[in-house]
Amino acid sequence: MTETIKIESTTADNSADVTAGSKSWFYTDVVKDHFFNPRNLFKTNEEAEGYQYDGMGMVGSPACGDMMKIWIKVGDGRIKDCKWQTFGCASAIASTSMMSVMISENEGMKVEDAMKLKPMDIVKRLGDLPTRKFHCSVLGDKALRAAINDHYEKSGQNDKVEKEKVRVVDHIAKVTDHDIEEAVLEGAVTLEAVQRKTKVGIGNKSCLPEVEQLIRFYKEKYYGAD
Amino acid sequence: MKEIYLDHAATTYVREEVRQAMSKYYSEEFGNPGSFHTIGLRAKEALAEAREKVRKLINAGREHEIIFTGSGTESINMAIKGVAAANKDKGKHIVTSKIEHEAVLETCYYLEKREGFEVTYLDVDRYGQVNPEDLKKAIRDDTILISIMYANNEIGTIQKIKELAEIAKEHKIYFHTDACQAGGTLDIDTQNLGVDLMTINGSKIYGPKGVGLLYKKMSVKMHPLIHGGGQENGMRSGTENTASIIGFAKALELAQSEREEENKRLLHLREKLVDGIKEKVPKVMLNGHPTERLPNNANITILDVEGEAMMLYLNEYGICTSSGSACTSLSLDPSHVILAMGLPYEVAHGTLRFTLGKRTTEEEIDKVLEVLPGIVQSLRRISPVNLTLEEVQK
């Protein structure tokens with residue numbers, strides 16, 4: 001199932017093994033592998049154009065630094081195939097690639113389970129990401145949920161559509177994404193200010209990268225980019 | 001695999017001549033220049049010689065105008081905070097630009113936040129230059145300092161320092177320039193430039209790290225940041241880093257004597273790189289000024305792909321570059337320099353900076369041109385983005 005990215009070279013002798021280069025790397029070997037050899041890509045433009053999908057989801061923009069597009073095929077309530085495209089850094093590319101593997105491996109993930117996939121599940125499979133790179137992995141699952149919703153709508157299962165509903169970001173402080181949205185709307189546009197309002201991430205730092213991403217997202221949404 | 005280092009704006013290696021000039025001052029001539037015995041006096045003489053060399057190179061009036069520090073960042077901090085502290089009775093307003101190095105920006109933020117100063121951050125044009133008219137408009141009765149960088153570290157754009165310094169002089173305001181990127185390639189004659197304060201550091205001119213220079217005209221009122229034994233004419237206490245200072249002086253001497261010749265060589269290689277990329281990769285733009293830029297700097301944006309991803313691919317081929325994308329910075333925001341030029345976030349996220357140096361060869365540039373198009377093609381194939389140059393440049 002693995003498709004290896006081949007660096008198209010302008011000269012014949014340039015068939016460099018892209019994993020042979022640096023010894024010390026910023027990311028884990030798994031991240032590196034998925035970055036240089038991303039899985040589940042369209043092989044050709046023709047394949048992309050003719051791909052018969054059941055759902056498509058897109059999230060982000062080139063302006064915010066990450067953009068993901070995901071296509072899924074569904075059968076027997078499971079995800080049978082998945083293709084994707086990502087604009088973003090190594091973490092973003094590796095996260096989407098890993099997610100595509102997770103939802104389509106074996107007999108395929110149950111659609112309702114895929115709906116519940118969290119960024120941390122992907123990060124764990126990647127063998128961790130540097131903390132300040134967590135935010136690069138939080139868009140993939142959103143794109144996936146959008147693709148699943150699209151599938152539900154297309155197949156007349158509108159009752160199953162889950163609009164991005166309130167999601168608990170900090171399980172200890174029980175802070176939801178909606179709470180953060182409210183805080184930003186009230187003028188708190190820095191992490192410090194949001195923390196003062198919501199206590200999010202105090203004593204539970206693992207959620208902070210996601211919180212920062214949310215603050216930025218809502219800040220841009222309501223106040224525009226700087 | 002042979003590594004191809006194209007990140008000389010980050011730091012340079014130490015030249016052999018410099019290393020040799022320094023080597024004696026670690027275990028043989030280790031003396032404290034402040035001591036009265038022979039060993040100390042020999043160190044003092046060596047230090048005085050280095051200072052005189054630097055004085056001549058930057059055409060300063062007196063030896064006391066040369067202050068050696070621990071880094072470019074320290075020199076900048078001293079210039080800004082030191083002038084602010086000594087002149088706050090006259091006013092608490094500073095003018096700088098939006099594209100300065102963090103050493104300047106963060107110091108200014110500090111003065112705003114903690115010391116009640118007001119700072120005006122001048123805009124730059126599409127090519128990264130400050131408009132002298134904007135400076136004139138920003139000057140107030142309580143302006144005490146203007147700090148504008150000589151050449152930008154990201155995009156290589158060179159400012160009209162003479163013109164800007166002249167405006168400062170007319171208004172009797174001190175003018176500081178951060179010349180860290182210019183020390184090896186541009187004219188650093190302080191009288192010719194008309195600056196009152198100037199920062200240069202060792203690690204960008206094939207000298208040692210951990211040494212900086214602050215030129216301060218005698219007439220400039222400035223407080224020291226570091227108090228103690230009164231070294232550097234009371235402006236920077238702490239036993240002098242003799243070896244590094246000697247290395248710095250040697251590096252500056254070599255760089256300045258070779259710069260005309262070397263600049264031509266760098267310019268040729270840079271043009272070859274930029275032209276080659278434009279020819280082989282569609283949808284590429286050069287950021288910064290087309291002509292008023294450092295000869296070794298090529299900052300480009302490649303649309304539809306993200307900078308860090310390109311950088312890491314190049315790294316796998318042993319090619320060392322840097323990027324202004326958010327993912328290579330500590331914040332979530334991409335380069336403040338690219339954004340200050342009025343370019344959109346999409347452009348900032350896709351930047352790649354190549355900074356050439358003394359060891360850069362034609363073959364190395366050829367290698368980049370051979371590898372880069374394939375990397376871009378691969379990353380574009382997995383990218384859902386398809387921008388046009390027209391839409392990002394409008």
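How many residue pairs are in polar contact across the interface of domain 1 of chain B and domain 2 of chain B? Point 3 has the reply, once the ground is laid.

1. **Before you start.** This is a predicted model, in which local features need pLDDT of at least 70 and side-chain atom pairs count only at pLDDT 80 or more, while totals for chains, interfaces and linings use all residues. Residues are numbered from 1 along each chain as its sequence is written, chains are lettered from A and ligands numbered from 1 in the order in which they are written, and side-chain values use heavy atoms, leaving out hydrogens and water.

2. **The two domains.** Chain B splits into domain 1 (4-10 + 259-386) and domain 2 (16-255); such bounds come from an automatic or database domain assignment. Their C-alpha centres lie 29 Å apart. Where the domains meet, 26 residues of domain 1 are in contact with 27 residues of domain 2 (contact means heavy atoms within 4.5 Å).

3. **What holds your eye at the interface.** The rule finds 17 residue pairs in polar contact there, both at pLDDT 80 or more. A polar contact is a pair of N or O atoms within 3.5 Å; within protein, one must be able to donate a hydrogen and the other to accept it, and residues adjacent in sequence count only if both atoms are side-chain atoms. Salt bridges across this interface number zero (a side-chain nitrogen of Lys or Arg within 4 Å of a carboxyl oxygen of Asp or Glu).

4. **Who lines the domain 1 side.** The elements giving two or more residues to the side of domain 1 that touches domain 2 are helix H8 (242-280), strand S9 (284-287), strand S10 (297-302) and helix H10 (336-340) of chain B. H10(B) provides the largest share, four residues. Helices (H or I, at least four residues) and strands (E, at least two) are DSSP runs, numbered from the N terminus.

5. **Thr11, a loop residue.** B:Thr11 sits in the loop between strand S1 (4-5) and helix H1 (16-27) of chain B. Is B:Thr11 buried or exposed? B:Thr11 counts as buried because its relative accessibility is 19%, and buried means under 20% relative accessible area (1.4 Å probe, protein chains only). A polar atom of its side chain lies 2.8 Å from the backbone oxygen of B:Ser203, and its side chain also makes a polar contact with the side chain of B:Lys209 (3.3 Å).

6. **Ala50, a helix residue.** Look for B:Ala50 in helix H2 (residues 38-57) of chain B. B:Ala50 is buried, with a relative accessible area of 5%. Leaving aside neighbours within four places in sequence, B:Ala50 is in contact with B:Ile245, B:Ile246 and B:Ala249.

Technical notes:
Buried means under 20% relative accessible area, exposed over 50%, partly exposed in between (1.4 Å probe, protein chains only).
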